[in-house]
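Welcome, and take your time with the pages that follow.

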Amino acid sequence: MAPFLKKFFPDVYRKEELNVDSTNQYCKFNSGKLTFFTSSLYLAALASSLVASLVTRKCGRRLSMLFGGSLFCAGAIINGFAQNVAMLYIGRALLGFGIGFANQSVPLYLSEMAPYKYRGALNIVFQLSITIGILAANLLNYFFAKIEGGWGWRLSLGGAVVPALIFIVGSLTLPDTPNSLIERAGRQVSLQLRDDLLEEAKDRLKDIRGVPNVDEEFNDLVAASDESRKIEHPWLNLLMRKYRPQLTFAVLIPLFQQLTGMNVITFYAPVLFKTIGFGANASLMSALITGGVNCGATFVAIVVVDRFGRRALFIEGGAQMLICQVVISVAIALKFGTTGNPGQLSMGYAEVVVTFICIYVAAFAWSWGPLGWLVPSEIFPLEVRSAAQSVNVSVNMTFTFIIAQIFLQMLCTFKFGLFIFFAFFVVIMSLFIFFFLPETKGIHIEDMATVWRDHWFWKRFFDPPQGGQIE
């Protein structure tokens, strides 16, 4: 919104609203202050994810979600009443702390509560709720921007209180997972409290599974919890040889997710929508159309992920993104060139590029978008699950921060070549998934080690060398 840019980031406002200095579409938003405001959220989420791991393991998934919602609520209030850039940064940091806790606890909660046959679909509902929230926020921003007096941006930033409050209420009313209850039971000194928690966990498991006899699965969970209590330093234990296959994916999947090029794709959408004829509403229509595609494709992922599996979606999505990136790169190069000034774009040209942008967004939304959170949350055993999810969140937020920090500078430097840069990594990540990711659909979360033992490459890590397990 122009009043927001004018108040806090006047240099960007001059380039965007007043068309001063340059018409170069590659470099017009290249502001260090604005970039840090955007990326500071991810840095805060990185820091909080390290603490969230301990809270999630010791206090349960629900309490971690409650902390996340409360921090997010505080950040939204501060941003809504911001008077200077410092307040924006503080509010943004609190939002990031909340996201770190949420990303740590919610995927674990869903993976542990969901029946194994539907674990993928129910976990992706988390991603669907995010895409719906983004779409709703963009729609509201359109109306807030029309408020006379230029204060609508306060509603845009402060309005994040609403989903935060919903999240807080949900964390207070949802039941905790059987895994978490069993973990906490094992740390009780009182035998009565221990028995009560175990009984509650067993009843919860019966409710989730919908069957009266869950003794076998319950005993497996208790045994896994007993093993987890023997581990005093789960972060150190993640380095054990038998966890290296899963740890590899906990690091590389979130890294690859940030290297798909989603940022550069969405950056160009408003320019092209303006060409099609939406004029001043180009940014809104770009957000609504691509957001609608994002929601629809995420719903497709919910329907098919437990039918066709994780590997198929990863590979198909990668191939689809690669084709779109090559086509868009060529199209941008032909019109934007190296100057970044496209001149007068034809309607047909813009429609073709926008179509490929939508196809790209769909591919990301049913593959690397949701699966980047699903797969790392389901592949680790209970004893290191919280620490491993913290690694996943930390890597994701680290590289989201890095990409956010350097993206505009890279765009200004590489120009249309940035599409090819990300396309190269799409090839690498798709090949990596094809050769090294075993299929995890339909596997009980506590039996997941079997898929690694049977894999042609990773099975070697389950025969530790003599003299110990850590190399």
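Which residues does Ala185 touch, not counting residues up to four places away in sequence? The answer is Arg194, Leu197 and Leu198. Before going further, please keep in mind that this is a predicted model.

Let us stay with Ala185 for a moment. Its place is in helix α9, which covers residues 178-186. Ala185 has a relative accessibility of 0%, so it counts as buried. Another residue to look for from here is Asp195: 10 residues separate it from Ala185 in sequence, and the two C-alpha atoms are 7.4 Å apart in space.

Now step back to the whole protein. It has 21 helices and 0 strands. Of its 471 residues, 51% count as buried. Among contacts between residues at least 6 apart in sequence, 79% join residues at least 24 apart.

Trp151 is found in the loop between α6 and α7. Is Trp151 buried, partly exposed or exposed? With a relative accessible area of 43%, Trp151 is partly exposed, because that value falls between the 20% limit for buried and the 50% limit for exposed.

Start with helix α5 (residues 85-113) and helix α18 (residues 368-378), whose axes are 9 Å apart and meet at an angle of about 70 degrees. The two helices α5 and α18 are therefore roughly perpendicular to each other, since angles from 65 to 115 degrees count that way. The crossing of α5 past α18 is right-handed. On the α5 side, the contact is made by Asn103, Pro107, Leu108 and Ser111, and on the α18 side by Trp373, Ser377 and Glu378. Sorted by class, the residues of this contact of α5 with α18 are 3 nonpolar, 3 polar and 1 charged.

Some of these residues turn up again around Asn123, which is found in helix α6 (residues 119-144). Leaving out residues up to four places away in sequence, Asn123 touches Pro107, Leu110, Ser111, Leu374 and Ser377. Asn123 has a relative accessible area of 2%, so it is buried.

The next pair to find is helix α13 (residues 244-258) with helix α19 (residues 382-414). How do their axes cross? They come within 8 Å and cross at roughly 25 degrees. That makes α13 roughly parallel to α19, because the angle is under 35 degrees. Their crossing is right-handed. From α13, the contact is made by Leu247, Ala250, Val251, Pro254, Leu255, Gln257 and Gln258. From α19, the residues taking part are Ala388, Val391, Asn392, Val395, Asn396, Phe399, Thr400 and Ile403. By class, the contact of α13 with α19 holds 10 nonpolar residues, 5 polar ones and no charged ones.

The contact of α16 with α17 has 16 nonpolar, 3 polar and 1 charged residues.

Finally, let us look at the cysteines. How many disulfides does a search of the whole structure find? It finds 0. Cys358, for instance, is in no disulfide, and the nearest cysteine sulfur, that of Cys324, is 9.7 Å away. A disulfide calls for a pair of cysteine sulfur atoms within 2.5 Å. Cys358 counts as buried because its relative accessibility is 15%, and Cys295, at 11% relative accessibility, counts as buried too.

Key
Residues numbered from 1 in each chain as written. Predicted model: local features only at pLDDT ≥ 70, side-chain atom pairs only at ≥ 80, totals over all residues. Heavy atoms only, no water. Buried < 20%, exposed > 50% of the residue type's maximum accessible area, 1.4 Å probe, protein only. Axes fitted to C-alpha atoms, helices over the stretch in contact; angles between N-to-C directions. Helix = DSSP H or I, 4+ residues; strand = E, 2+ residues; numbered from the N terminus. Parallel < 35°, antiparallel > 145°, perpendicular 65-115°, else oblique. Left-handed = near helix turned anticlockwise from the far one by under 90°. Contact = heavy atoms within 4.5 Å. Nonpolar A, V, L, I, M, F, W, Y, C, P; charged D, E, K, R; others polar.
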